[in-house]
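User: I would like to learn how to read the packing and the ring arrangements in a model like this one. Could you take me through it step by step?

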Amino acid sequence: MLDGLKAGWLVKQGHRRLNWLRRYCIISPSNLLVYFDSEDCLKLKGHIVLPNYYLAMDEGHLNFTLHKPKAVSSNIGGHDVFHFELVEDEGDLSEERHAELKVVLFAWRDALMMCGCRLKPFESPGGKWFG
């Protein structure tokens, strides 16, 4: 396994089918978030250069979004938006488990911000910012 500032399982939304897939994610000291199919890290599925992204969190739904500022989107290539969740189905979580997962979410936030992501309020599906 690779060493990193933060590592663990997240659920990432795909870009083509928009389905949700479990990915083992690692935030590396070189300001990258890399993700794999398994914890063994045998085949890289993708990476995100973190200083190029804003971080939007929705702690109520235990998820976060990384997205490029519009000014740099066309200049640096790659996808503009990445969606991640801590769990696949939050409907059955107890209040205690939800509180535990919020601590995990904040740990991801802190590691992402250490790598240059800038915090921005969460954008709702309607396109309005809140938070």
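User: Which residues is Phe64 in contact with, leaving aside its neighbours within four places in sequence?

Analyst: This is a predicted model, and in it Phe64 is in contact with Leu10, Leu55, Ala56, Met57, Phe82, His83, Phe84, Leu105, Trp108 and Leu112, once neighbours within four places in sequence are set aside. Phe64 is also among the residues with the most contacts inside the largest nonpolar core, which has 24 residues. Elements that each supply at least two residues of this core include β2, β6 and α2, and the largest share, 5 residues, comes from α2.

User: How many aromatic pairs does a search of the whole structure find, and how do I read one?

Analyst: The search finds 3 aromatic pairs. To read one, look at the distance between ring centres and the angle between planes, where over 60 degrees counts as edge-to-face. The rings of Trp9 and Tyr24 have centres 5.4 Å apart and planes at 75 degrees, so this pair is edge-to-face. Trp9 lies in strand β1 and Tyr24 in strand β2, so the pair ties together parts that are 15 residues apart in sequence. Trp9 is partly exposed, at 30% relative accessibility, whereas Tyr24 is buried, at 4%.

User: What sits over the ring of Trp9?

Analyst: The charged end of Arg22 does, 4.3 Å from the ring centre.

Conventions: Residues are numbered from 1 along each chain as its sequence is written. This is a predicted model: local features need pLDDT of at least 70, side-chain atom pairs count only at pLDDT 80 or more; totals for chains, interfaces and linings use all residues. Side-chain values use heavy atoms; hydrogens and water are left out. A nonpolar core is a set of buried Ala, Val, Leu, Ile, Met, Phe, Trp, Tyr and Cys residues joined through side-chain atoms within 4.5 Å. Buried means under 20% relative accessible area, exposed over 50%, partly exposed in between (1.4 Å probe, protein chains only). Helices (H or I, at least four residues) and strands (E, at least two) are DSSP runs, numbered from the N terminus. Contact means heavy atoms within 4.5 Å. Rings of Phe, Tyr and Trp (its six-membered ring) pair if their centres lie within 6.5 Å; planes under 30 degrees apart count as stacked, over 60 as edge-to-face and the rest as tilted. A charge sits over a ring if NZ of Lys or CZ of Arg is within 6 Å of the ring centre and within 35 degrees of the ring normal.
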